[in-house]
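Let's take a walk through a protein model together.

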Amino acid sequence: MSRLRLAVLASGRGSNLEALIGARDRGRLGIDIALVASDRTEARALHVAREAGIATLALEPKSFPDRAAFDRALFAEVGEVQPHLIVCAGYMRVITADLVGTWLGRMINIHPSLLPAYPGLRTHARVLANGDREHGASVHFVTADLDAGPVIAQARIAVEADDTPESLAGRLLPLEHRLLVASVGLFAAGRVALDGRHVRIDGLRLERPLQLTDKGTLV
Ligand code: GRF
């Protein structure tokens, strides 16, 4: 099978992008990253991409009359590289519904919570405020509703009594990286598809999200 061509959307640090690049370089992931696109010209993710010789695109929202116009311009460029899959990896903008529709089933996001719990921002602080014993991250298909698309896979951590939002984020991040790499690996192997509100793996409807093991596999 040919390699999976990705476009990655990132607004910030780009550590999830680095994880994808690292897995590719170690021969663990049959992907080509055709483009890294950002809504922030200063995003570290763009620097990470350039260092790795990956084409980049940065568009500033304030240069466009509205969100729809920005998204049309961004996704026109993304579409030029004909990605098999768009990965939102720390992409902090809500995407307009018609563009989501265009890419439905071909766009995923990594989110730092055990969805459907805690869509949106400040997930670590909200987990602590609610006294949850468990936290985690989810990779899900992007749909028109924010952080509410069908979940493909999750990674879990226990919340400790002395945790802070920062300690939770720090402990979760390495698992996010493994979760994203393993999830993209499913796409590279042609094993995953969106079927309405359901995820199919190897043609079978997933009853609950796959879980990341200590070995970095999904079960
Ligand atoms: C991650 O925590 C991801 O779950 C969230 O934003 C963060 C991005 O981190 N959506 P990075 O830019 O990949 O380092």
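This is a predicted model: local features need pLDDT of at least 70, side-chain atom pairs count only at pLDDT 80 or more; totals for chains, interfaces and linings use all residues.

Residues are numbered from 1 along each chain as its sequence is written, and side-chain values use heavy atoms, with hydrogens and water left out.

Find the ligand first. Around it you will see Arg13, Gly14, Ser15, Asn16, Gly90, Ile110, His111, Pro112 and Glu176; a residue belongs to this shell if one of its heavy atoms lies within 4 Å of the ligand. Sorted by class, the shell has two nonpolar, five polar and two charged residues. Here Ala, Val, Leu, Ile, Met, Phe, Trp, Tyr, Cys and Pro count as nonpolar, Asp, Glu, Lys and Arg as charged, and the others, Gly among them, as polar. Helix 1 (15-25) and strand 5 (107-111) each give at least two residues to the shell. Helices (H or I, at least four residues) and strands (E, at least two) are DSSP runs, numbered from the N terminus.

Now look at single atoms. For Glu176, the distance from a side-chain N or O atom to a ligand oxygen is 2.5 Å. Such polar contacts are pairs of N or O atoms within 3.5 Å. Overall, the protein covers 87% of the 370 Å² of accessible area that the ligand has on its own, by the Shrake-Rupley method with a 1.4 Å probe.

Step back, and you will find that the ligand takes up the space of the largest pocket, with more than half of its atoms within 2 Å of the grid points. A pocket is an open set of points on a 1 Å grid over the protein atoms alone, with protein on both sides within 12 Å along at least five of seven lines, and lining residues have an atom within 4 Å of a point. Of the 35 lining residues, Gly90, Tyr91, Met92, Ile110 and Pro112 are the closest to the centre of the pocket.

Finally, follow the backbone. Most residues other than glycine have a negative phi, and most peptide bonds are trans. Leu115 and Pro116, however, are joined by a cis peptide bond, with omega about 15°; Pro116 is in the loop between strand 5 and helix 5. Gln82 has a positive phi, near 50°.

Key
A polar contact is a pair of N or O atoms within 3.5 Å; within protein, one must be able to donate a hydrogen and the other to accept it, and residues adjacent in sequence count only if both atoms are side-chain atoms. On a 1 Å grid over the protein atoms alone, a cavity is a set of points where a 1.4 Å probe fits but cannot get out, and a pocket is an open set with protein on both sides within 12 Å along at least five of seven lines; lining residues have an atom within 4 Å of a point.
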